[in-house]
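Thanks for joining. I'd like to walk you through one structure, starting with how its parts meet. Here it is.

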Amino acid sequence: MFKKALFSALALSALSFASAAQAQNLVLYTSQPAADAQMTVEAFEKANPGVKVEWVRDGTTKLMTKFRSELAAGVVNPDVLLIADSVTLEQLKSEGLLQAYDAAEKSHYDSSLFDAEGYYYGTKLITTGIAYHRDAEQKPKSWNDLLKPEYKNLAAMPSPLYSGAALIHLSTLTTNKDFGWSYYEGLKNNGMAAQQGNGSVMTAITTGVKPYGVLVDYMAIREKLKGAPIEFVFPEEGVSMVTEPVAILKDAKQPDLARKFVDFVLSEEGQKLVLQQGYLPARNGMSSPEGFPARDDIKLLPFDAAQALKNADADKAQFAKIFE
């Protein structure tokens, strides 16, 4: 009888220990590069002793395919998402798959960088501007420079049919009264080449195949620091942006830990990590990484994630029609 009672007590103790261990596990799905994700997770765990983060890393499209497959099977694995763009999270919000959180740290952020209802928060600024080969004859300063005869057949851009950042850039410009669809028609008429992703554009510029191009900031700036013959310009009209937002799943198993994670990545400590990783922090008052101008010197163009989501299919179809 004593042995049976002892066995039961030990079994209950083991179950309690397992439950306690599980209670300190946070599941993160992220599209951050692996090294950046590892840095973020380790810093969060250090700031929260006893907490372990299980993380899955992939591109946003593949990550969402995995998430959708799990959802169809009736399983919600992640507690928190840290992925490339706000349009994807706007879609999840519209489906009721996210939970709102009124993060205290939002007071340190421009209102354009987070959802007004608290469903997601931008954590960094990855802007799209103009890059050019160091030896190029022209030194562009404006988006409209790409429409000039001097640039005819000499520029490339990532296609919004392949790149999420390019789709956000397209939505930003086509909903802006100073550009609209006529701007993209002008680019086509001036021989702009639509390639797949930002990487292809950067290669075209650095090899001189296309000495000018539309490109995300960090790619050009990092390569320049490594010695590549490339320059980057933040156009005078302003730049579009991808904000790598963070969000909590509605059915998160660890909502308290998920809220702690959101607080951490938005905190000054979390934003210093963004800086160390070579990106522009989204938080106000932070410095810029090497090669970047001061955060306050960068003009951000208005962007409406809900409108971009609504227009996404039509935008892709219109772009394909122009650049077919």
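One term before we start: contact here means heavy atoms within 4.5 Å. And please keep in mind that this is a predicted model.

With that cut-off, 22 residues of domain 1 are in contact with 16 residues of domain 2. Which stretches are these domains? Domain 1 takes in 25-124 + 242-294, and domain 2 takes in 125-241 + 302-323. Taken over C-alpha atoms, the two centres lie 26 Å apart.

Now the interface itself. The size of an interface is often given as the accessible area lost when the parts come together. For domain 1 and domain 2, the buried area is about 1,700 Å². Carbon and sulfur atoms give 73% of that area.

What about polar pairing? Between domain 1 and domain 2, the rule finds four residue pairs in polar contact, with both residues at pLDDT 80 or more. The count of salt bridges across this interface is zero.

Next, which elements build the side of domain 1 that touches domain 2? Helix α4, residues 86-94, and strand β13, residues 280-281, each supply at least two residues. The largest share comes from α4, with five residues. By type, that side of domain 1 has 10 nonpolar residues, eight polar and four charged.

Let me step back to the whole chain. The chain has 11 helices and 13 strands. Its C-alpha trace spans about 95 × 40 × 35 Å along the principal axes. There are 324 residues, and 52% of them count as buried. Now take contacts between residues at least 6 apart in sequence. Of these, 75% join residues at least 24 apart.

Is it enclosed or open? The buried set runs from Ala-165 and Ala-166 through Leu-167, Ile-168, His-169, Leu-170, Ser-171, Thr-172 and Leu-173 to Thr-174.

A note on the background. An α-helix has 3.6 residues a turn, so residues three or four places apart point the same way.

And what sits at the start of α5? There, a side-chain oxygen of Ser-163 comes within 3.4 Å of the backbone nitrogen of Ala-165.

That's my tour. Over to you.

Conventions:
Residues are numbered from 1 along each chain as its sequence is written. This is a predicted model: local features need pLDDT of at least 70, side-chain atom pairs count only at pLDDT 80 or more; totals for chains, interfaces and linings use all residues. Side-chain values use heavy atoms; hydrogens and water are left out. Domain bounds come from an automatic or database domain assignment. Buried area is the accessible area (1.4 Å probe) that two parts lose on being put together, summed over both. A salt bridge is a side-chain nitrogen of Lys or Arg within 4 Å of a carboxyl oxygen of Asp or Glu. A polar contact is a pair of N or O atoms within 3.5 Å; within protein, one must be able to donate a hydrogen and the other to accept it, and residues adjacent in sequence count only if both atoms are side-chain atoms. Helices (H or I, at least four residues) and strands (E, at least two) are DSSP runs, numbered from the N terminus. Ala, Val, Leu, Ile, Met, Phe, Trp, Tyr, Cys and Pro count as nonpolar, Asp, Glu, Lys and Arg as charged, and the others, Gly among them, as polar. Buried means under 20% relative accessible area, exposed over 50%, partly exposed in between (1.4 Å probe, protein chains only).
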